[in-house]
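Colleague: Could you show me how to read helix packing and sheet order in a model like this one?

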Amino acid sequence: MSSVQRKAAFAGQEMIAFRVGEQEFCVDILAVREIRGWTPTTAIPHAPHYVLGVINLRGTVLPVVDLSARLGFPASVPTPRHVIVVVIAEGQTIGLLVDAVSDILSISTDMMKSAPEIAQDQTKTFITGVVAVDSRMIARIAPERMLPERLRAVS
Amino acid sequence: MSALDEIRIVFFQECEEQLQELETGLTAMAGGETDADTVNAVFRAVHSIKGGAGAFALKQLVGFAHVFETTLDEVRQGRLDPGPEVMDVMLRSADVLNDLVAAGRDGGEVEAERTAPLLAELERLAGKGPGGHGGEDEDETPFNFDDLDFTPVAFDLGDLGDLDGGGDGPKFRVSFRPRPELYAKANEATVLLRELGTLGPVSTTCNADALPLLDALDPEGAYLAWTIEISGDVTEAQIREIFEFAEWDCDLTIEALGLADLSEIAVPDAGADTGISVADLLARIQGELTGAPAPEAAPEAAPAPAPEAKPAAEAAEKPAAGGEKKEEAAPVIRVELPRVDKLIDLVGELVTTQAILSQRLEESGAATTGSDLMNSVEELQRLTRDLQDSVMAVRAQPVKSVFQRMPRIVREVASATGKKVGFQTRGENTEVDKTVVERLAEPLTHMIRNAIDHGLESPEKRLAAGKPEEGTVTLSAAHRSGRIVIEIADDGAGINRSKVREIAVNKGLIPADAVLTDEETDQLIMLPGFSTATTVSNISGRGVGMDVVKQSIEALGGRLVITSRPGFGSTFTMNLPLTLAVLDGMVVRVEEDTLVVPLASIVVTFRPQPEDLQMIGAGQAVKVRGSTLPLIDVGLKLGYRTAPADPLTGVAILVEGDNNRRVALLVDDIRGQRQVVIKSLEKNYRPVPGIAAATISGEGRVALIIDVDAMMSDQSFDQFILGNEPIAAE
């Protein structure tokens, strides 16, 4: 495992890292409720292209977001090998479709850098920081930004 | 949570019930039902609130309830006639009591200017009873709440001889020996003793003879007994009432002390206990001796029945003792709502799992019709359905609880607007899911305010229009085809359509040349930003318009429709689901997706025939049952396909929505009927136009439930696609 800090008494956080295409991203482990395999979704009418639909997660209606498409990469073609990371963000439970979970990282606060300036504004909306682990750069995503905006009350 | 906190919570829950009881009773009394049962129920409601509030040292509440109760007692004793003026004070007092309970619960206070005038009026009423007890009533003495602390006061009877023998002596001697059960049921001897102190001057002696040595002491035992001598204008019934909840768990004797005893027993020094100075007491006694007749002691001077004989005797005496009618006698338990909801969730899961199991068995071919396996599956299905119905019934509540809050709103608005309003409710025992009941309060309040403020005319205008001076607002509830329909009707002026139209145009809500039917014009008042009040009044002009009311009703899966007849009034009709948890639906297929159409909206299903089809403009129409209706391709409307389907290969479902509007929905296939558990799509996602909610299908997948009324709207849903902007990769 790459993370050497794992055993140290540290004041940082644990993150779950996952692969989307060639890139690696992570979310705070405290936001992750479970990780499960891909199951076919039920399409939602008039949903943005990155919302794959909803699945039944033990009685809860769970929207699934194609993280690749959401971040502006090519849309995923889901296979049984794909993984849904179920996260809780701002009271909503949502599923993020990723290629695979790659690591569990223990990081200290000083390892977390703010997103690089070169990133475009829109990307910055989803990326709240970058962790450098060994030679890898892992972007931390903000799960609460993954769903489309709620419809405002017509006013 | 500490035990005291829990008791506190229960107390306030009970207060809610008592306040409802109070409102019901007072309304009945105002309507002329002044029989003993009703009056007693009202009295007891206030009394119970006062008793509980004392335990939590809610001084303001106790004080008000005490005065209220005193006045009610005058009515109960037949000394005060519950005429309209009296009932008006009573009703307004009930409102204040409501506020005081709320303030007590939330840790606030009610401003004195709200309570003081009513206190004065109540006291005036209590004093003016034709029986003319006036000065000698215990209540004449201001009740000193600071003495309500839990400090037992021991009286040394030996000192009594020091006082000059006054005229009035103790009237009753109460021997009270609690048994351990009394404490086990969370009664408190202190509270009871203190309560006795509110009736009149008391002298209390504690008898500790039964107290064992420490090693023999049972910590949960009861060893102390008290003898209380009580004087003043007290009746035995009043004393009994205090011990009402405790008398089964204690030895209680109440001895009337005859007038003969007066010479033997000196006036007890009650000053330290009730805050009455000895001088005052003497002055009162003087007054009584010189002028007033002897207190009603004489007829009651007979010795009290032995405690053993008492329960039966009392039951006979006070038929309404419980304040409850016989039919309400079914035993009740209090259950925390989350527990019921958990149960409902689990049963919902069970229903889903059962459906999946049935489907899998059928698919596997193991269960053939008539086989033992199939019979068992059907039996399971029936049981599951029964179980679900029973569990849902636990949550069903009569709308009464929310209807009862409305008379108060009516009174407030009526007095603020200077209008005369008669308020009627009908069908208040109609049951609906608790969540629906709770969430009804706000829209109802608002609509009733509107009905009085905007709907009803001023008394002068009404008279000029040849109507009775008093306007009528009717609130009614009824079950209709699996839903609950709640109507608020007024007999006011109706909606002024030309004015509504003018405002809508001025505010840019509709184009100036829009052609609208009368009904369509009426619905304009529900548009956001619309307000017809020429002056923004305190009552309805609070920035919350009918649009918010409409939204909150739609959030419950309901519809709001306005009908109006100029000169005759308006009716606001809410049509709501009975429960937010289950729905009978028709399962249909559109392309590869399974959708559910609420059965309640479906009139008939049919296969369109070529001769019934025609094009109207760009849209398709179908002739059914003699009328030509739009044929809406669900797949196209919801974006499941981009080209219209051939109507001849599909199935049409004739649905009826609000305003009895009908259309035919075209789907690919019908798969059957099923009760489905409603799941929110909004909770983890967002509202989806055209979709009312989600459910779990027989295959264990999510299926969407169609919003029939949204499907009828001519609006394209495309404008709702938000957040569709692609994000450029880095």
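Predicted model: local features only at pLDDT ≥ 70, side-chain atom pairs only at ≥ 80, totals over all residues.

Colleague: At what angle do the axes of α13 and α14 of chain B cross?

Modeller: Axes are lines fitted to C-alpha atoms, for helices over the stretch in contact, with angles from 0 to 180 degrees between N-to-C directions. Helices (H or I, at least four residues) and strands (E, at least two) are DSSP runs, numbered from the N terminus. Here α13 (residues 337–364) and α14 (residues 372–395) of chain B cross at roughly 160 degrees, their axes coming within 10 Å.

Colleague: And which residues make the contact?

Modeller: Contact means C-beta atoms, placed from the backbone, within 7 Å. Among them are V340(B) and L343(B) of α13(B), and L373(B) and V377(B) of α14(B).

Colleague: In what order do the sheet strands of chain B run?

Modeller: Strands of a sheet pair through backbone hydrogen bonds, either parallel or antiparallel. DSSP must find at least two bridges for a pair. In chain B, 4 strands form an open sheet, β2-β3-β1-β4, with antiparallel pairing. Its edge strands are β2 (202–207) and β4 (250–256) of chain B. β1 (residues 172–178) and β3 (residues 225–230) of chain B pair over 5 bridges, and F176(B) has W226(B) as its bridge partner in β3(B).

Definitions and conventions: Residues numbered from 1 in each chain as written. Chains lettered and ligands numbered in written order. Contact = placed C-beta atoms within 7 Å.
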